[in-house]
Amino acid sequence: MGDSVGQKVAQTVAPDQVGNSGGSFNSAVRLMFNALAPRYDSFNHFSSLGLDYGWRRATVRSLKLTESDLVLDIATGTGDLAFATTQSARGIVGCDFAVEMIRRAHAKVRPGDGTWFHVACAECLPYCDERFQGVTSAFAMRNVKPILEDVLAEAFRVLEPGGRAAILEFSRPRMAPIRWGHSFYTRLLMPRVGRFVTGTVEPFHYLYRSIQEWYSPDEFAEILRTVGFANVRYRMMSFGTVALHTGTKPTACRL
Ligand SMILES: C[S@@+](CC[C@H](N)C(=O)[O-])C[C@H]1O[C@@H](n2cnc3c(N)ncnc32)[C@H](O)[C@@H]1O
């Protein structure tokens with residue numbers, strides 16, 4: 001699909017406006033990200049005020065990787081988290097179902113990076129069991145909320161026993177004054193200024209709504225435990241606007 005058509009649809013039908021049935025929600029998410037792909041990096045750095053670089057570094061550090069490890073970044077987008085991991089592991093595989101995102105990730109690969117990018121759905125990963133020593137995902141879980149348990153089960157399946165998962169996601173600050181400021185920024189200021197930076201406004205509205213509807217860090221930690229992860233912990237960053245959850249696949253899972 002050409003960008004202009006994708007863009008038009010993305011501006012009129014946001015994923016959370018098509019209902020929550022997995023299929024139509026997924027299609028709308030894919031359309032939106034394919035349309036946003038050419039401006040995604042500026043959208044990302046703008047909406048996070050450039051703090052995303054530090055969040056990604058913290059995510060990589062939390063995996064405690066060794067140089068022999070292979071890592072999967074689920075819903076990698078244009079690959080920024082994958083590229084932030086290259087120095088710490090043997091190789092990184094990034095996958096995403098939006099082909100335009102993967103095209104941009106490919107374009108950033110430099111020789112010797114040890115990165116591979118594939119078009120794939122997070123809920124049906126094309127990798128064999130226990131293939132990776134680490135799994136990451138950044139700002140993607142809100143976008144798979146109707147199929148969250150399938151996506152987490154797939155992340156768990158491809159992780160080697162003893163391997164770690166690190167999941168970064170936006171959150172609603174607990175302290176009231178910070179929550180009001182954050183809400184003002186994400187609901188009112190960001191869409192207005194963001195329109196000038198990226199030429200589009202609907203992804204900013206969707207971002208605000210999806211953050212409001214997302215689980216609390218405690219609830220998400222409980223979901224990770226239900227899927228089978230052990231040692232589930234989280235830390236809040238940037239005044240509670242971002243949560244980094246980590247968990248381990250128990251070694252007792254070895255076949
Ligand atoms: C907000 S972006 C985050 C991209 C990247 N992880 C980052 O930190 O910049 C969410 C990504 O999730 C991808 N995505 C959403 N649902 C997906 C699914 N079911 N399977 C694979 N990718 C999905 C979108 O295409 C998009 O690239």
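Among contacts in the chain between residues at least 6 apart in sequence, what percentage join residues at least 24 apart? The figure is 67%, where a contact means two C-beta atoms, placed from the backbone, within 7 Å.

Before you click on anything, note that this is a predicted model: local features need pLDDT of at least 70, side-chain atom pairs count only at pLDDT 80 or more, and totals for chains, interfaces and linings use all residues. Residues are numbered from 1 along each chain as its sequence is written.

**Stop 1: the whole chain**

Show the cartoon. You have 10 helices and 7 strands to look at; these are DSSP runs numbered from the N terminus, with helices being H or I of at least four residues and strands being E of at least two. Now colour by burial. Of the 255 residues in the chain, 45% are buried. Here, buried means that 20 or more other C-beta atoms lie within 10 Å of a residue's own, exposed means 12 or fewer, and partly exposed is in between, with C-beta atoms placed from the backbone.

**Stop 2: the sheet**

The 7 strands make an open sheet with mixed pairing, and the order across it is β3-β2-β1-β4-β5-β7-β6. Two strands count as paired if DSSP finds at least two bridges between them. At the edges sit β3 (115-119) and β6, each pairing on one side only. On average, neighbouring strands are turned by 15 degrees against each other, direction ignored. For angles, axes are lines fitted to C-alpha atoms (for helices, over the stretch in contact), and the values run from 0 to 180 degrees between N-to-C directions.

**Stop 3: strand β7**

Select residues 242-248. Why is β7 described as largely enclosed by the rest of the structure? Because 6 of its 7 residues are buried.

β5 and β7 run antiparallel and are joined by 7 bridges.

Then bring in β6 (residues 230-237). β6 and β7 also pair in the antiparallel sense, over 6 bridges. Ala 230 stands opposite Thr 248, and Met 236 has Ala 243 as its bridge partner.

**Stop 4**

β6 and β7 form a hairpin with 4 residues between them, and Ser 238 in the turn has a positive phi of about 50 degrees. Phe 239 lies in the loop between β6 and β7 and has a positive phi of about 60 degrees, although it is not a glycine. Most residues other than glycine have a negative phi. Phe 239 counts as partly exposed because 14 other C-beta atoms lie within 10 Å.

α10 lies across β6 and β7, running at about 155 degrees to β6.

**Stop 5: another positive phi**

Jump to Phe 139, in the loop between β4 (132-138) and α7 (148-158). Phe 139 has a positive phi of about 55 degrees without being a glycine. Buried or partly exposed? With 22 C-beta neighbours inside 10 Å, Phe 139 counts as buried.

**Stop 6**

You get 21 residues, and Ala 75, Gly 77, Ala 98, Ala 122 and Ala 138 come nearest. The elements giving two or more residues to this shell are α2 (22-36) and α5 (80-85), and α2 gives the most, with 3. By type, the shell splits into 13 nonpolar, 5 polar and 3 charged. In this scheme Ala, Val, Leu, Ile, Met, Phe, Trp, Tyr, Cys and Pro are nonpolar, Asp, Glu, Lys and Arg are charged, and the others, Gly among them, are polar.

**Stop 7: Arg 90**

Arg 90 is in the loop between α5 and β2 (91-96). Because it has 14 C-beta neighbours inside 10 Å, Arg 90 counts as partly exposed. Leaving aside neighbours within four places in sequence, Arg 90 is in contact with Glu 67, Ser 68, Asp 69, Leu 70 and Gly 114.

**Stop 8: α3 against α8**

Finish with helix α3 (residues 40-47) and helix α8 (residues 176-198), whose axes come within 10 Å and cross at roughly 145 degrees. Ser 42, Phe 43, Phe 46 and Ser 47 in α3 meet Met 190, Gly 194, Val 197 and Thr 198 in α8. This contact divides into 4 nonpolar, 4 polar and no charged residues.

Notes: A residue is near a molecule or strand if its C-beta atom, placed from the backbone, lies within 6 Å of it.
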